[in-house]
Amino acid sequence: MDPTDPMDAERGSARARGRGRAVRAWALGAAGLLLAGCASMPDHGEIRSVQASQGVDSQVRVFGVPPADKASPAEIVDGFLEAMTSDDPQLETARKYLTEDAAKSWRPGSAVTVLSAGLDRSPVRGEKDAERPRWKVTGKKLATVDERSAYQPETGGGAYEEFLQLVQEDKQWRIASPPSSLVLSESDFQRIYMPVNKYYFAGGALVADPVYVRQRSDPDSRMDPTTQTVQSLLAGPSRWLAPVVESSFPAGTELRPGTKSLSYDGQNTLRVPLNDKADNVAQPQCQKMATQLLYTVKDLTASRLDRVELLRPDGKSSSLCSVTEVTAAVIANRPRSPEYQYFVDNEDRLVRMKLDIAGEDQQARPEPVPGPLTTPPGFKVGSAAVSYDERRTAVVSEDGHGLYVVPMAGAGPMPQPVPLVGKGNKPNTLTAPSWDAAGDLWIADQDPQRPGLWRVPGGTGTPEKVQVAGLDGRITSLKASADGVRLALLVEREGGRKNLFVGRIERPDGKGDVSAVSVRELRPAAPQMADVTAMSWAPRGRLLVVGRESGGVVQARYMLADGSMVAASLPGATGLSAVAVAASEDEAKPKPVVAYSGDDGIVWLPPGAQWRTVAAGGRAPVYPG
């Protein structure tokens with residue numbers, strides 16, 4: 001396993017979580033486990049001692065315990081809260097704590113409330129009717145997961161509060177008013193659910209839409225992770241992403257009636273039977289549908305998937321179309337693999353280093369980038385961004401006042417600076433620029449009197465000032481995602497602390513009903529961190545974030561774009577004094593993570609290796625983008 005790869009790190013983290021503590025349960029398939037300890041929820045109030053596994057392997061399924069005969073109201077409440085944290089996707093044990101009517105109507109699978117810790121629960125005292133006791137359950141909201149499986153961080157530390165009404169049914173206490181959603185602590189949520197990307201199209205490029213699905217399989221339902229994820233893909237994108245992406249599947253497309261689960265055959269092919277809504281699609285559209293499925297399922301599983309075939313709804317398994325991994329890669333329109341990694345050397349020149357991961361070329365040496373940047377005497381580079389095709393670079397002068405778009409070929413003169421503001425109004429300090437895959441250039445002016453976000457269409461068009469809805473603070477760093485629909489913004493607020501947000505880029509020629517390009521619906525991308533130092537987009541729509549949790553040390557972590565944490569810190573990154581970090585978004589060929597440390601200069605973390613210094617005097621590392 002490679003800890004620098006977000007996919008491997010995520011799986012390792014999931015395995016570690018699976019070996020953590022569990023609810024009172026029977027561990028099936030692992031005879032001889034010693035069971036002892038306390039329940040995972042709740043963690044305060046009148047809690048009775050229960051059995052729990054202290055070393056449950058990730059492959060062992062964990063279930064709650066049914067209510068005991070003549071159990072007290074406190075035991076019913078405790079047992080129900082514990083049973084909600086089980087690995088049973090149908091929550092059959094939890095339903096046994098409910099009245100008959102409540103058990104039939106309860107639909108907790110449509111949403112999840114994630115709490116930062118366990119639930120506090122206590123009886124409501126002073127009730128006039130002592131035969132109908134009520135219990136109050138409270139906690140601190142961390143996030144919610146909606147009916148489309150999308151994760152949304154809670155801003156402002158909202159309080160969770162519900163009341164559980166108990167009644168007697170057949171002389172047994174039962175709950176008549178269960179919570180409207182499944183309620184889990186963060187640790188239980190991470191044990192039961194796993195992140196996966198669905199994929200949709202925007203402007204001809206494939207876009208990752210992160211969601212959460214249950215890790216465990218139920219052979220008697222459509223609850224295996226692959227089928228869950230495909231159903232979620234067919235249901236459409238998350239609400240946050242929906243305004244800027246589209247699905248190739250016709251409205252109403254579902255799995256063929258009677259399909260219970262999806263699996264691979266011996267040739268690493270996934271066959272997906274669809275209903276009649278998809279029966280008459282043209283081949284190009286059908287292949288885009290299959291591409292969405294291939295990338296979605298490949299993101300979910302560690303096993304190799306070479307081909308996806310869509311089947312007609314006639315029950316005869318006749319094929320609508322199919323795509324191989326190679327064909328899908330062309331349709332997905334991903335940026336090409338970078339040839340170089342770039343940084344500013346100790347002479348304020350933009351330089352590059354050849355990427356030779358396979359050979360572990362220890363002799364690689366930085367060289368000045370070709371083109372006009374090599375000729376102007378005295379021109380000093382402050383920061384830079386390189387286009388995805390590695391033919392142009394956008395550089396900000398060392399004083400932070402000028403932005404230049406420079407070809408990386410030929411030996412002509414330096415171009416004129418890009419006119420970001422009117423005559424006589426020089427910017428104070430520009431951030432490092434960023435390219436998206438469409439060729440647009442993004443940059444922010446940090447002038448406290450006139451802060452703003454700018455977009456240069458195609459890198460050569462007339463600069464446009466971009467509205468950022470809900471922005472509260474000053475943009476100090478930004479990074480556009482390769483798919484061109486997300487913008488990561490490092491925002492400095494009152495007190496000097498920096499927080500990371502991700503906004504949705506809406507364009508007039510896209511799905512959004514807007515007259516100009518704008519950035520909307522900012523959401524926290526690293527809510528666990530009190531102060532963020534640096535960030536970069538990483539493979540599979542992730543963010544690599546360097547920051548400090550409240551009271552903690554500086555760490556580098558992979559985060560999902562929805563603000564949920566994916567994996568533990570990078571090896572050897574704890575305490576890293578990185579003020580800049582760069583990760584390639586290339587999913588096909590792993591590239592080193594690169595950082596600028598004030599103590600060590602430019603440092604690399606190659607896949608499967610350790611950090612090493614490659615340029616003692618360098619700074620401002622970037623990959624194309």
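The entries below go from the whole chain to single residues.

**Overview.** I am working with a predicted model. I counted eight helices and 36 strands in the protein chain. The chain has 625 residues, and 54% of them are buried. I then looked at contacts with a separation of 6 or more: residues 24 or more positions apart account for 57% of these. The chain exposes about 26,300 Å², with 48% of that supplied by carbon and sulfur atoms.

**Cores.** I looked for the largest nonpolar core and found 52 residues in it. V272, L274, L310 and L500 have the most contacts inside this core. Helix α7, residues 283-300, gives the most to the core, namely seven residues. Another core lies apart from it and has 38 residues, including A102, V114, V137 and L182. I went back to V272 and listed its neighbours, leaving out residues up to four places away in sequence. V272 touches V230, L255, L262, L293, E309, L310 and L311 on that count.

**Helix α2.** Is this helix enclosed or open? Helix α2 spans residues 73-83, and ten of its eleven residues are buried, so the rest of the structure largely encloses it. The buried set is P73, A74, I76, V77, D78, G79, F80, L81, E82 and A83. I checked what these residues pack against: α3 (92-95), β4, β5 (134-145), β7 (159-169) and β8 (172-175).

**R121.** I stayed in this region and moved to strand β4, residues 120-123, which holds R121. R121 has 2% relative accessibility; buried means under 20%, so R121 counts as buried. What does its side chain meet? The R121 side chain makes a polar contact of 2.5 Å with the side chain of D78. D78 is one of the buried residues of α2.

**Q152.** This residue sits in strand β6, residues 151-153. Q152 is partly exposed at 31% relative accessibility. I listed its contacts, again without residues up to four places away in sequence: A143, T144 and R523.

**Salt bridges.** My search of the whole structure gave 31 salt bridges. I looked up R312 and D279, whose closest N and O atoms are 3.1 Å apart. The pair links distant parts of the chain, 33 residues apart. R312 is in the loop between β13 (307-311) and β14 (319-324), and D279 is in the loop between β12 (269-273) and α7. R312 is partly exposed at 28%, and D279 is partly exposed at 26%.

Next I took E339. K354 meets E339 in a salt bridge of 3.5 Å, N to O. K354 belongs to strand β16 (residues 350-354), while E339 lies in the loop between α8 (325-332) and β15 (340-344), 15 residues away. R336 also forms a salt bridge with E339, with the closest N and O atoms 3.5 Å apart. Relative accessibility is 35% for E339, 38% for R336 and 44% for K354.

I noted a network as well: salt bridges link D436, D440, R455, E464 and R507.

**Hairpin.** My last entry is on β34 (residues 601-605) and β35 (residues 612-615), which run antiparallel and are joined by three bridges. W604 stands opposite R612. Six residues lie between the two strands, and G608 takes a positive phi near 75 degrees in this hairpin.

Key: Residues numbered from 1 in each chain as written. Predicted model: local features only at pLDDT ≥ 70, side-chain atom pairs only at ≥ 80, totals over all residues. Heavy atoms only, no water. Core = buried A, V, L, I, M, F, W, Y, C linked by side-chain atoms within 4.5 Å. Buried < 20%, exposed > 50% of the residue type's maximum accessible area, 1.4 Å probe, protein only. Helix = DSSP H or I, 4+ residues; strand = E, 2+ residues; numbered from the N terminus. Contact = heavy atoms within 4.5 Å. Pairing = 2+ DSSP bridges. Polar contact = N/O pair within 3.5 Å; in protein donor to acceptor, adjacent residues only side chain to side chain. Areas by Shrake-Rupley, 256 points an atom, 1.4 Å probe, with all protein chains shown as cover. Salt bridge = Lys/Arg side-chain N within 4 Å of Asp/Glu carboxyl O.
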